[in-house]
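Here is a friendly briefing to read alongside the model. Please keep the sequence and the 3D view open as you go.

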Amino acid sequence: MKSWTCIEKCGACCKFDLNNRENIYKILSKKDIKLIKEMTGKDGWCKYLDKKDMKCTIYSERPHFCMVNKFSKKFKEYYKTGDEFLIKCCKQHISEIYGKKSMQMNKFKNEIMK
Ligand code: SF4
Ligand code: SF4
């Protein structure tokens, strides 16, 4: 069975385009959306992402919506399909940012099969 995991040096979900994440609008508060806008750089990437290493520089203090394990519990789909939902979200983000045949996608697919 495939189980969800976050891979190192990905950061695909740290690039925000709220126009492409309609389902998130339903879940986030106005305060969260304001914070996301403040966190987003002109290039769309989160200002707290170290783009050299693709690592979060505020990992232990990152906002609640960055904590995938906790945040996923706010989505109905998570209760229906569990890790399948998380895997689908990661694949969508990775595909949008790096492409379906990217190194990051291959790494992700390998990791979830372990
Ligand atoms: S898209 Fe998935 S694998 Fe990539 S950083 Fe986000 S949670 Fe991790
Ligand atoms: S705070 Fe960290 S985990 Fe959240 S989007 Fe920014 S870099 Fe990514």
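**Two ligand shells in a predicted chain**

The shell around ligand 2 holds eight nonpolar residues, one charged residue and no polar ones; here Ala, Val, Leu, Ile, Met, Phe, Trp, Tyr, Cys and Pro count as nonpolar, Asp, Glu, Lys and Arg as charged, and the others, Gly among them, as polar. This is a predicted model, in which local features need pLDDT of at least 70, side-chain atom pairs count only at pLDDT 80 or more, and totals for chains, interfaces and linings use all residues. Residues are numbered from 1 along each chain as its sequence is written, while chains are lettered from A and ligands numbered from 1 in the order in which they are written.

**Ligand surroundings**

- Around ligand 2 you will find C14, M39, C46, Y48, L49, C56, I58, R62 and C66; a residue is near a molecule if its C-beta atom, placed from the backbone, lies within 6 Å of it.

**A look at E96**

- E96 also sits in helix α5.
- Although E96 and A12 are 84 residues apart along the chain, their C-alpha atoms are separated by 8.1 Å.

**Overall fold**

- The protein chain has six helices and two strands, where helices (H or I, at least four residues) and strands (E, at least two) are DSSP runs numbered from the N terminus.
- Read from the N terminus, the order of elements is α-α-β-β-α-α-α-α.
- The C-alpha atoms fill a box of roughly 40 × 35 × 25 Å along the principal axes.
- Buried residues account for 11% of the 114 residues.
- Of the contacts between residues at least 6 apart in sequence, 57% join residues at least 24 apart; a contact means C-beta atoms, placed from the backbone, within 7 Å.

**Confidence**

- The chain averages a pLDDT of 92, and 99% of the residues score at least 70; pLDDT is the predictor's confidence in each residue, from 0 to 100.
- Among the elements, strand β1 (residues 49-50) has the highest mean pLDDT (98) and helix α1 (residues 22-27) the lowest (77).

Technical notes: A residue is buried if 20 or more other C-beta atoms lie within 10 Å of its own, exposed if 12 or fewer, and partly exposed in between; C-beta atoms are placed from the backbone. Two residues are in contact if their C-beta atoms, placed from the backbone, lie within 7 Å.
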